[in-house]
Amino acid sequence: MKKVFFMFLIFCSLIAKAQVDDVITKHNGEIVKGKVVRIEDFNIVFKYSGEEAENSVSKYAIEKIVYGKTGRLEEVSEKIVVNSERDWQKVIILEEKQYISGLKRGGDVRGKTGLINIHTGNTGDQKAEKKLKMSAAAIGCPFVLILSDKTTIGADSNEIGGTQVIKSGIGYKY
């Protein structure tokens, strides 16, 4: 009977060791140990070790995942480094809140064309987006969640009848 009990304990310890955690490394240096449940288009769903609640984090916040059972390494996203306003082209515009989970709020950003301008609708939109990205890059944010994207045309825009584009959002960091 003691042999059976001893064998049972050894068997249980082997099973426990076989259940190795996945390791999720975030771009901010944080390491999360748990179990990856599923990978969605823009998010990773995981459970912390010893917990049953599912958590979701944006792929933009994750550098890599090392799967515990196999040791396989999966590169998830490259870190975007924005040092100054000159790095504005690296800034990514996000349009849905789920894409920012795991990122930290940086500050409000805005981009707009002037009241009097010679831009058409399309070039005005591009100019406002560039200014929005420059505003985010100036505060070191590689991501912008768009909150408002407004275009006024003709008499609704100004007395001269031009086009004005105003974009506003929130900058996010790792």
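**Strands and rings: a chat**

User: How do strand 2 and strand 3 pair, parallel or antiparallel?

Analyst: They pair in the antiparallel sense, over five bridges. Keep in mind that this is a predicted model.

User: Fine. Which residue in strand 3 is the bridge partner of Lys-35?

Analyst: That's Lys-47.

User: And how many residues sit between strand 2 and strand 3?

Analyst: Three residues, and the two strands form a hairpin.

User: What about strand 3 and strand 4, how do they pair?

Analyst: Also in the antiparallel sense, over four bridges, with strand 4 covering residues 55-58. They form a hairpin too, with six residues between them. Gly-50 sits in that turn and has a positive phi of about 80°.

User: Which residue in strand 4 is the bridge partner of Phe-46?

Analyst: Asn-55 is the bridge partner there.

User: Let's zoom out. In what order do the strands of the sheet go?

Analyst: The order is 4-3-2-1-5-6, six strands in an open sheet with antiparallel pairing.

User: Which strands stand at the edges?

Analyst: Strand 4 and strand 6 (73-75) do. Each has a single partner strand, so one side of each is left without a neighbour in the sheet.

User: By how much are neighbouring strands turned against each other?

Analyst: On average by 40° in this sheet, ignoring direction.

User: What joins strand 1 to strand 5?

Analyst: Four bridges, linking residues 22-26 of strand 1 with residues 62-66 of strand 5, and the two run antiparallel. Within strand 5, Ile-65 stands opposite Ile-24.

User: What holds strands of a sheet together in general?

Analyst: Backbone hydrogen bonds pair them, in either a parallel or an antiparallel arrangement.

User: Switching to rings. How many aromatic pairs are there?

Analyst: The count comes to four aromatic pairs. One of them is Phe-42 with Tyr-99, a tilted pair at 4.2 Å centre to centre and 40° between the planes.

User: Where in the chain do Phe-42 and Tyr-99 sit?

Analyst: In distant parts of the chain, 57 residues apart. Phe-42 is in the loop between strand 2 (31-39) and strand 3 (43-48), while Tyr-99 is in the loop between strand 7 (92-94) and strand 8 (104-112).

User: Is Tyr-99 buried or exposed?

Analyst: Tyr-99 is buried, since its relative accessible area is 12% and the cut-off for buried is under 20%. Phe-42 counts as partly exposed, with 32% relative accessibility.

User: And what kind of pair do Phe-46 and Tyr-48 form?

Analyst: An edge-to-face one, with 5.1 Å centre to centre and 80° between the planes. Phe-46 is buried at a relative accessible area of 4%, whereas Tyr-48 is partly exposed at 31%.

User: Which residues form an aromatic cluster?

Analyst: Tyr-60, Phe-143 and Tyr-174 form one.

User: Last topic, the whole protein. How many helices and strands are there?

Analyst: Two helices and 10 strands. From the N terminus on, the elements run α-β-β-β-β-β-β-β-β-α-β-β.

User: What share of the residues is buried?

Analyst: Buried residues make up 33% of the 174.

User: What share of the contacts join residues at least 24 apart?

Analyst: The figure is 57%, taken among contacts between residues at least 6 apart in sequence.

How values were computed: Residues numbered from 1 in each chain as written. Predicted model: local features only at pLDDT ≥ 70, side-chain atom pairs only at ≥ 80, totals over all residues. Heavy atoms only, no water. Phe/Tyr/Trp six-rings, centres within 6.5 Å; stacked < 30°, edge-to-face > 60°. Buried < 20%, exposed > 50% of the residue type's maximum accessible area, 1.4 Å probe, protein only. Pairing = 2+ DSSP bridges. Axes fitted to C-alpha atoms, helices over the stretch in contact; angles between N-to-C directions. Contact = heavy atoms within 4.5 Å.
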